[in-house]
Amino acid sequence: MSEADRGVYFDEDYQIRILDVDKFDASKALQDNAHVFITNIGSLTGLVDKYISQIDQQVERIETEKLRAVGLRNRVATLEEERRRKQKEQERFLSEKQEELERLLTEEQSLLRVKQEQELLIAKLSDSSSGAAF
């Protein structure tokens, strides 16, 4: 049985090898490439983790701003509703005051007519009293 059949080989440094020198070199290159690949994957994982962390920070900022915007929108809606309520209240108050003004004007006209009638009556009575005395 020859050395090639047994699977025992000697390299150029006279080291005993189980694999053929070409297969050993190919395995060694594959091992080195695999090591480089694993290192690159580790770097990629680090970059992805960093990127995800930055995205999470952006998400938190966006959510905070979104909540602030919703709060402001609710505040504006509340202020608009309050403004409308106050406007209606002022309009109602104005209407009440206008009605009161109309009522007082009507009452004033009525009182002026009564005063005028009374003055006329007093004048008639004064004339008839002064004419009857003579």
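Predicted model: local features only at pLDDT ≥ 70, side-chain atom pairs only at ≥ 80, totals over all residues.
A residue counts as buried when its relative accessible area is under 20%, as exposed when that area is over 50%, and as partly exposed in between. By this scale E100, at 33% relative accessibility, is partly exposed.

**Salt bridges**

The structure holds eight salt bridges. One of these is formed by K97 with E100, and the closest N and O atoms of the two side chains are 3.6 Å apart. Both residues belong to helix α2, where three residues, or about one turn of the helix, separate K97 from E100. K97 has a relative accessible area of 40% and therefore counts as partly exposed, a class that E100 also falls into because its relative accessibility is 33%.

A further salt bridge joins the side chains of K66 and E63, with an N to O distance of 3.3 Å. Helix α2, which spans residues 21-133, contains both K66 and E63, and they lie three residues apart, about one turn of the helix. K66 is partly exposed at 46% relative accessibility, and E63 is partly exposed at 37%.

R103 and E107 make another such pair, in which the closest N and O atoms are 3.5 Å apart. Because R103 and E107 are four residues apart in helix α2, about one helical turn separates them. R103 is partly exposed, with a relative accessible area of 48%, while for E107, likewise partly exposed, the value is 40%.

| K97 and E100 | 3.6 Å | three residues |

**Nonpolar surface patch**

The surface also carries a nonpolar patch of about 840 Å², made by F37, I38, I41, L44, V48, Y51, I52, I55 and V59. L44, one of the residues of this patch, is found in helix α2. At 48% relative accessibility, L44 counts as partly exposed.

Methods:
Residues numbered from 1 in each chain as written. Heavy atoms only, no water. Salt bridge = Lys/Arg side-chain N within 4 Å of Asp/Glu carboxyl O. Helix = DSSP H or I, 4+ residues; strand = E, 2+ residues; numbered from the N terminus. Buried < 20%, exposed > 50% of the residue type's maximum accessible area, 1.4 Å probe, protein only. Patch = residues over 30% accessible without salt bridge, like charges linked within 9 Å, V, L, I, M, F, W, Y side chains within 5 Å. Areas by Shrake-Rupley, 256 points an atom, 1.4 Å probe, with all protein chains shown as cover.
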